[in-house]
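Reader: I'm new to this one. Can you walk me through it?

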Amino acid sequence: MNLFERAGRSCCRKPVRSLLLLLVVCLISLLFLSGMASRSANIGAKDSTRQAIGAGFLLEYNPVNRSQRIEEASEKISELYEDGQGSYGGVHQEKITVNGSENWSVYTDNSFESLKTEDIEKIAGTKGIADYNITTVPTAVKPADFERIEDADTDQTNDFQGVTLIGNRDMALDANVLSGNVTLKEGRMTTKEDANVCVISEELAEKNGLEVGDRMRFHPLKEEEPVQEAEIVGIYQVQEPMQPYMSGDTFRSENVIFTDLDFPAKAEQDDPLYEKAYFKVADVDDYETVKDSIRKTDMEWEWYDLIDNNGNLDTMASNFNDLEKISNTLLTVVAGAGFVILFLIFIFWIRNRTNEIGILMSIGIAKGKILLQILTETVLIGGLAIALSFLIAPAVSNAAAHYLTGQQEQQAGVQEEMDAGKIATDYQAPELTVTDVETKITPEMLLTDGAAVTGLIAVSTCASSILIFRRKPKDILSEMS
Amino acid sequence: MILEARNLMYSYSSKREKLVLKNVSASFEEGTFYAVVGASGSGKTTFLSLLAGLDAPVSGQILYHGEDIRKKGLNCHRRHNISLVFQNYNLIDYLTTEENVKLGGRKDVGELLCQVSIPKEDWKRNVLKLSGGQQQRVAIARALASEARVLLADEPTGNLDEETAAEIIELLKRTAHELGKCVIVVTHSKQLAKEADEILEMKEGKLRKQERSCLEVREG
């Protein structure tokens, strides 16, 4: 009778022992599979969401370099003009007399402060950039034929008594829209093809009885003329009030009007002032490669800050990352606990078989063959348990994933309650919560699970067997008698 | 001479503080039934363990057909040269009578089971369902199923009543005399020792041959 025949008989004729091991291994395998399926589902969902949300870069002027540029322009003016008064590159220097004493006044205009269009276009032409947007600085203008929203309790003495215009090349890529804080209630957003159009807040529309298709008129802060007219193409709503650019009701969230890119300059009667540019990456997986390519663009990089604008991505991903962490922890705990449980079971199992091991050794069967017989038995039962776990894994893994996402959703709800009432920042996270994850058991997972659990069984069996097999046959037989 | 013990020394601790066997030598022939007697703790079972290759002596040799058993390995010695019978039968609990005997190495065990008087209806039964005497007969059948020429038994009648013990003794005698094997039995049983062809007494770690008359005188 060879060892395989003995192994088979041992499994069948010791049903309680075999069944106990079968159940334990099946449970460990199930937990492994559920952990892997949940983890895989999270990764899959994260990847697809990453692509759906997108990511990009934000270009702004470097504030530290600005002072240096002004100093350089001032030196240039001193070189160009004998009296030191004049203009260079949007910087103006003049001598002023205050209370009889002479002082130098240095100031800049929009042509100095605005991002350079040619630099923006160079970056936009980089391979991997799908689209881009330019956003103007919030520009204060006065309403000519409508009323703005005001807080009756606020002192408006130092306020401009105006509203804020924010121009966008493509409003859909505005930071407030990307973050999900600003959404359309009616109509559409402004696009790069538009001219003299605007999108207003629902509060402003309601106060003035304005609708999509109506026209609004604006004039500069200091003069009544010229009046510029814009057609309302959309009405927006906000989840949280937008952070005011400056104090005063001119900049309050409800008084912010999104326009096409050129309208604020027209209404203000000044050069355009582009505050930031956003570049959307075509494939988020190429994010770092695109970033490297942009950095190689030939332009005055010391003037600018290139900011990673994947805040949404990170916020959304954190939701998934938490789930992934839980799944990873589950896998680690199952592996560790599985090993300990199996090790203890096998110690018990092997100790109960001391008699049998002694008998087999006394009739000259080598220790290796006895160990192989025990291994065969455990792998046989383990194999059955793994197969059984494969059958019930889809249902269990779905239940596990539902539980994990439920926990995550609950946590997100608590966080949302804590965040309620806060002022919206430029890159506020969108309200995207993982409500469910669809798990799928793949052949790779089955293979991994099979290999891992079999390995766990083999290691546990060998480790626990060492306790018996290192003893001499005589000692084992003495213990038996 | 099939088996020989030469100058065996054995101690439970490696420091040789207390020797259990002190320079023990003995030789054994095929077709002979030997009984090793002695007081409890005299070293009888240890001596049998060394002959069986279940343990190794501190010094000295065990020779099988003149060759040191360590040369081919103790495992090989147990597998091919000797077969063992224990007081507590040592049968595998999840195997049937027939399957336990097959562990000895022979495939057709019907004849052996008949020889040891196990009824045919018990061949397929779980071995633990047999009586003590039957279980010991199955253990002897397993030993006989082996190709080994030496049968070593440690108190084979220790757990049996007188009548059953007599049957087992008869079986061991037949094994030696009819099958021509060398049977060495460690025992306290005078009944068994009396039936042996040669009696060896273990006393204070030394083995000496005992005359049958001595045993009879002591008994008298």
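Reader: Let's start with chain B. Where does B:Asn7 sit?

Author: B:Asn7 is in strand β1 of chain B, which covers residues 3–11. Keep in mind that this is a predicted model.

Reader: What is the phi of B:Asn7?

Author: Positive, about 50 degrees, although B:Asn7 is not a glycine. Most residues other than glycine have a negative phi.

Reader: Is B:Asn7 buried, exposed or partly exposed, and why?

Author: B:Asn7 counts as partly exposed, because it has 13 C-beta neighbours inside 10 Å.

Reader: OK, B:His65 next. What's its phi?

Author: Near 50 degrees. That is a positive value in a residue other than glycine.

Reader: And where is B:His65?

Author: In a loop of chain B. The loop runs between β4 (59–64) and β5 (67–68).

Reader: Buried or exposed there?

Author: B:His65 counts as exposed, because it has 11 C-beta neighbours inside 10 Å.

Reader: Switching to helices. How do α6 and α7 of chain B cross?

Author: Their axes come within 10 Å and cross at roughly 10 degrees. Helix α6 spans residues 132–145, and helix α7 spans residues 162–177.

Reader: So are they parallel or antiparallel?

Author: Roughly parallel to each other. Angles under 35 degrees count that way.

Reader: Which residues meet?

Author: From α6(B), they are B:Gly133, B:Gln136, B:Arg137, B:Ile140 and B:Leu144. From α7(B), they are B:Thr164, B:Glu167, B:Ile168, B:Leu171 and B:Thr175.

Reader: What kinds of residues make up that contact?

Author: Between α6(B) and α7(B) there are four nonpolar, four polar and two charged residues.

Reader: Now the two chains. How many residues does each put into the contact?

Author: Chain A gives 17 residues and chain B gives 18 residues.

Reader: Which helices of chain A supply at least two residues each?

Author: α1 (3–13), α11 (354–362) and α14 (473–480). The largest share of the side of chain A that touches chain B comes from α14(A), with four residues.

Reader: And how many are nonpolar, polar or charged on that side?

Author: The side of chain A that touches chain B has seven nonpolar, four polar and six charged residues.

Reader: Last one. Is the bond from A:Glu225 to A:Pro226 cis or trans?

Author: That peptide bond is cis, with omega near -10 degrees. Most peptide bonds are trans.

Reader: Where does A:Pro226 lie?

Author: In the loop of chain A between β10 (215–219) and β11 (228–238).

Notes
Residues numbered from 1 in each chain as written. Chains lettered and ligands numbered in written order. Predicted model: local features only at pLDDT ≥ 70, side-chain atom pairs only at ≥ 80, totals over all residues. Contact = placed C-beta atoms within 7 Å. Nonpolar A, V, L, I, M, F, W, Y, C, P; charged D, E, K, R; others polar. Buried ≥ 20, exposed ≤ 12 C-beta atoms within 10 Å, placed from the backbone. Axes fitted to C-alpha atoms, helices over the stretch in contact; angles between N-to-C directions. Parallel < 35°, antiparallel > 145°, perpendicular 65-115°, else oblique.
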